[in-house]
Amino acid sequence: MGGLRGYSLPLSPSGRSSMITPPPWHFTGEVVMVDYRVDPEAAAAFLPPGLTPGRDAGAAAAVFAEWQWCSESEEELAEPGHNRFSEFLVLLACEFEGEPMARCPFAWVDQPVPMMRGWLQGMPKQFGSVHQTRAATVGRAAPRLAAGGKFTGTLSVQGRRVVETTVTLKGIAPEPPALHMVPLAHTLHFPDWTATSSNRPSLVASQVSGVEFSEVWSGTAEMGFLDVLGPDFAGLAPVEVGAGHVFSYAETLHGGRVLTDSKD
């Protein structure tokens with residue numbers, strides 16, 4: 001490499017020009033989440049070999065989150081324009097050899113670093129415009145984390161509204177939502193630019209520590225997927241909308257563990 005170094009491109013003599021710093025990565029976020037159900041056959045079609053629908057086929061969630069992140073050095077905390085981003089995920093309940101997991105078939109973020117970091121993890125992140133309501137403790141222009149508080153989330157892609165949801169809080173839930181407490185199963189897949197291998201993908205799971213939840217406020221939810229992204233995404237639209245949740249969440253992401261290797 002001629003002395004060039006770095007965890008990711010761009011490589012440089014010092015190695016400090018990489019777009020992505022090496023893990024661990026620390027995340028703190030504000031989450032608006034909706035449990036819903038999808039057609040079980042549509043959900044199963046998004047599961048790669050090695051994953052099964054599990055005991056609750058068709059369980060799904062839509063997750064809006066505003067994140068702050070930093071590497072082990074915490075140097076990113078001095079650059080709020082760099083260490084903040086918004087994200088939207090679809091999660092599908094699944095299992096790997098009996099272990100409950102969640103599969104993320106679609107994801108959008110509004111900054112380039114988390115998009116590239118997602119690709120390294122095997123997450124299918126794309127660019128989108130993600131917005132959500134923020135709680136406040138004073139004034140009339142924001143809801144409270146209290147009964148009656150209303151929180152909305154929206155996703156727009158290429159100028160078109162794709163998802164919209166509203167959560168009306170009722171009370172504190174006894175535990176966090178199920179699909180936010182299990183490992184995520186991703187597929188490491190990169191096109192074979194040189195066409196020299198079979199390029200079979202590997203199935204991996206995220207490894208996290210330092211998981212923290214605030215009180216989880218839950219209530220009723222309304223949510224719609226607008227049919228503008230084609231049949232694949234439309235197939236994961238809600239057939240039933242369940243509870244909505246608002247909470248703070250933190251974790252440290254260390255990397256991935258191999259579930260099934262491309263050589264298997």
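How many residues of the lining of the largest pocket are nonpolar, how many polar and how many charged? The legends below begin with that point. The model is a predicted one, in which local features need pLDDT of at least 70 and side-chain atom pairs count only at pLDDT 80 or more, while totals for chains, interfaces and linings use all residues. Residues are numbered from 1 along each chain as its sequence is written, and side-chain values use heavy atoms, with hydrogens and water left out.

**View 1. The lining of the largest pocket.** The lining divides into 18 nonpolar, four polar and four charged residues. Here Ala, Val, Leu, Ile, Met, Phe, Trp, Tyr, Cys and Pro count as nonpolar, Asp, Glu, Lys and Arg as charged, and the others, Gly among them, as polar. The space in this pocket is about 500 Å³. Of its 26 lining residues, His180, Leu184, Val208, Tyr249 and Glu251 are the closest to the centre. A pocket is an open set of points on a 1 Å grid over the protein atoms alone where a 1.4 Å probe fits, with protein on both sides within 12 Å along at least five of seven lines; lining residues have an atom within 4 Å of a point. The volume is the space filled by probe spheres set on the points, which are joined across faces, edges and corners.

View 2. Phe27 and Trp67 form an edge-to-face pair, with 6.1 Å from centre to centre and 75 degrees between the planes. Rings of Phe, Tyr and Trp (its six-membered ring) pair if their centres lie within 6.5 Å; planes under 30 degrees apart count as stacked, over 60 as edge-to-face and the rest as tilted. Phe27 belongs to strand S1 (residues 25-37) and Trp67 to strand S2, 40 residues apart. Strands (E, at least two residues) and helices (H or I, at least four) are DSSP runs, numbered from the N terminus. Phe27 is buried at 9% relative accessible area, and Trp67 is buried at 9%. Buried means under 20%, exposed over 50% and partly exposed in between (1.4 Å probe, protein chains only).

**View 3. Arg117 and two tryptophan rings.** Arg117 lies over the face of Trp25, 5.5 Å from the ring centre. The charged end of Arg117 also sits over the ring of Trp69, at 4.3 Å from its centre. A charge sits over a ring if NZ of Lys or CZ of Arg is within 6 Å of the ring centre and within 35 degrees of the ring normal.
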